[in-house]
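Take a walk through this fold, one contact at a time. Keep the structure open beside the text.

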Amino acid sequence: MGNRLNGFGACSAEVRNACPVEMTLHVIGGKWKGIIISILSEKPVRFNELRRLIPGISQRMLTLQLRDLEGDGIIERQIEDSVPMKVEYSLSEQGKRLSPIIDYMKEWGTAYMEENK
């Protein structure tokens with residue numbers, strides 16, 4: 001994992017407890033990463049299947065998001081040596097530890113949407 005918080009400097013005493021939250025948001029933040037993690041928490045998925053499961057995401061954006069998640073150690077990319085080559089994505093052990101957080105976010109989001117209809 002790269003040092004994503006380089007630009008923020010050291011954590012001050014006042015925000016020291018918030019720094020891990022900030023790191024988590026950097027790793028899973030953005031429009032698509034939570035959705036990708038949620039899908040991969042159910043089963044390993046190939047690239048084109050991910051594209052079908054996430055309407056609105058472009059091929060380029062999916063590629064970038066997968067690279068970020070792989071670089072942060074959240075997902076693993078397995079290449080099957082066949083013709084045509086098959087690439088499958090799954091959660092790493094680190095990513096599996098994120099699943100309960102994403103599940104809770106789904107629960108919270110569902111309840112919030114219901115309360116704010």
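E80 stands opposite K86 in strand 3. This is a predicted model, in which local features need pLDDT of at least 70, side-chain atom pairs count only at pLDDT 80 or more, and totals for chains, interfaces and linings use all residues. Residues are numbered from 1 along each chain as its sequence is written, and side-chain values use heavy atoms, with hydrogens and water left out.

Strand 3 covers residues 86-91 and pairs with strand 2 in the antiparallel sense over six bridges. Two strands pair if DSSP finds at least two bridges between them. Strands (E, at least two residues) and helices (H or I, at least four) are DSSP runs, numbered from the N terminus. The sheet is open and has three strands, in the order 1-3-2, with antiparallel pairing. Strand 1 (45-46) and strand 2 (75-80) each have a single partner strand, so one side of each is left without a neighbour in the sheet.

Now turn to the helices. Two packed helices are described by the angle between their axes and the distance between the axes. Here axes are lines fitted to C-alpha atoms, for helices over the stretch in contact, and angles run from 0 to 180 degrees between N-to-C directions.

Start with helix 1 (residues 19-28) and helix 2 (residues 33-40). Their axes come within 8 Å and cross at roughly 80°. The two helices are therefore roughly perpendicular (65 to 115 degrees; under 35 is roughly parallel, over 145 roughly antiparallel, the rest oblique). Helix 1 supplies H26, V27 and I28 to the contact, and helix 2 supplies K33, G34 and I37. Contact means heavy atoms within 4.5 Å.

Helix 2 also meets helix 4 (residues 59-71). The axes come within 10 Å and cross at roughly 70°. That makes helix 2 roughly perpendicular to helix 4. K33, I36 and I37 of helix 2 touch L62, Q65, L66, D68 and L69 of helix 4.

How many residues of helix 2 are buried? Six of its eight are, where buried means under 20% relative accessible area, exposed over 50%, and partly exposed in between (1.4 Å probe, protein chains only). The buried residues in helix 2 are K33, I36, I37, S38, I39 and L40.

Finish at K117, in the segment after helix 5 (93-115). K117 is exposed, with a relative accessible area of 79%. The side chains of K117 and E114 are joined by a polar contact of 3.3 Å. A polar contact is a pair of N or O atoms within 3.5 Å; within protein, one must be able to donate a hydrogen and the other to accept it, and residues adjacent in sequence count only if both atoms are side-chain atoms.
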